[in-house]
Amino acid sequence: MYRLFKDHEIRKTRELSEDFWFFYTMDGAADTKKKKVMVPSSWQTYPDTLTYTGKGIYEKEVFCKGNIRFVFKGVAHTADVYFD
């Protein structure tokens, strides 16, 4: 059978997990430094935040174009996601 239209195209994907991200806590301390960490992970495994209970920020700079889709496989409770 001949088709007059293109069947389908498999889009390129890029996995952002299993890569380094920056993490820091939101406890208001002036000495809070960004740490380079692997994701997925838990901040209870980082030496500086073993007993920390509060909010934390993971950030990564990415460049993309076209349509994008985010899939979060490791959010334990809640997350606010900001993309700029």
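User: Quick one to start. Does D19 count as buried, partly exposed or exposed?
Analyst: D19 counts as partly exposed, at 30% relative accessibility. Keep in mind that this is a predicted model.

User: What is the closest N to O distance in the salt bridge between K60 and D19?
Analyst: The closest N and O atoms of K60 and D19 are 3.0 Å apart. This pair links distant parts of the chain. D19 is in strand 1, while K60 is in the segment after strand 3. They sit 41 residues apart.

User: And how accessible is K60?
Analyst: K60 has 27% relative accessibility, so it counts as partly exposed.

User: Why would side chains like that pair at all?
Analyst: Side chains of opposite charge can pair when their charged atoms come close.

User: How many salt bridges are there in the whole structure?
Analyst: A search of the whole structure finds two. Besides K60 with D19, there is one between the side chains of E59 and K34, at 2.5 Å from N to O. E59 is in strand 3, and K34 is in the loop between strand 1 and strand 2. That pair is 25 residues apart.

User: Zooming out. How many helices and strands does the protein have?
Analyst: Zero helices and three strands. Along the sequence the pattern reads β-β-β.

User: How do strand 1 and strand 2 run, parallel or antiparallel?
Analyst: Antiparallel, with five bridges joining them. Strand 1 covers residues 19-25. In this pairing, F20 stands opposite M38 in strand 2.

User: How many bridges join strand 1 to strand 3?
Analyst: Four, and these strands also run antiparallel. Here F22 has E59 as its bridge partner in strand 3. E59 is also the residue that forms the salt bridge with K34.

User: Which residues make up the largest nonpolar core?
Analyst: Five residues: F23, V37, W43, Y46 and Y52.

User: Why might nonpolar side chains group like that?
Analyst: In soluble globular proteins, nonpolar side chains tend to be buried together.

User: Take W43. What does it touch?
Analyst: Setting aside residues up to four places away in sequence, W43 touches F23, T49, L50, Y52, G54, K55, G56 and Y58. F23 and Y52 belong to the nonpolar core along with W43.

User: T49 is on that list. Where is it in the chain?
Analyst: T49 is in the loop between strand 2 (35-39) and strand 3 (56-59).

User: Is T49 buried or exposed?
Analyst: Buried, because its relative accessible area is 3%. Beyond its neighbours within four places in sequence, T49 is in contact with F23, T25, W43 and Q44.

User: What share of the 84 residues counts as buried?
Analyst: 12% of them.

User: And how big is the accessible surface?
Analyst: About 8400 Å², and 54% of that belongs to carbon and sulfur atoms.

User: Which residues form the nonpolar patch on the surface?
Analyst: I68, F70, F72, V75, V81 and F83. Together they have about 560 Å² of accessible area. I68 lies in the segment after strand 3. It is partly exposed, with a relative accessible area of 41%.

User: Last one. What share of contacts with a separation of 6 or more comes from residues 24 or more positions apart?
Analyst: They account for 38% of those contacts.

Technical notes
Residues are numbered from 1 along each chain as its sequence is written. This is a predicted model: local features need pLDDT of at least 70, side-chain atom pairs count only at pLDDT 80 or more; totals for chains, interfaces and linings use all residues. Side-chain values use heavy atoms; hydrogens and water are left out. Helices (H or I, at least four residues) and strands (E, at least two) are DSSP runs, numbered from the N terminus. Buried means under 20% relative accessible area, exposed over 50%, partly exposed in between (1.4 Å probe, protein chains only). Contact means heavy atoms within 4.5 Å. Accessible areas come from the Shrake-Rupley method with a 1.4 Å probe; for residues, only the protein chains shown count as cover. Two strands pair if DSSP finds at least two bridges between them. A salt bridge is a side-chain nitrogen of Lys or Arg within 4 Å of a carboxyl oxygen of Asp or Glu. A nonpolar core is a set of buried Ala, Val, Leu, Ile, Met, Phe, Trp, Tyr and Cys residues joined through side-chain atoms within 4.5 Å. Patches are made of residues with over 30% relative accessible area and no salt bridge: like charges are joined within 9 Å, nonpolar side chains (Val, Leu, Ile, Met, Phe, Trp, Tyr) within 5 Å.
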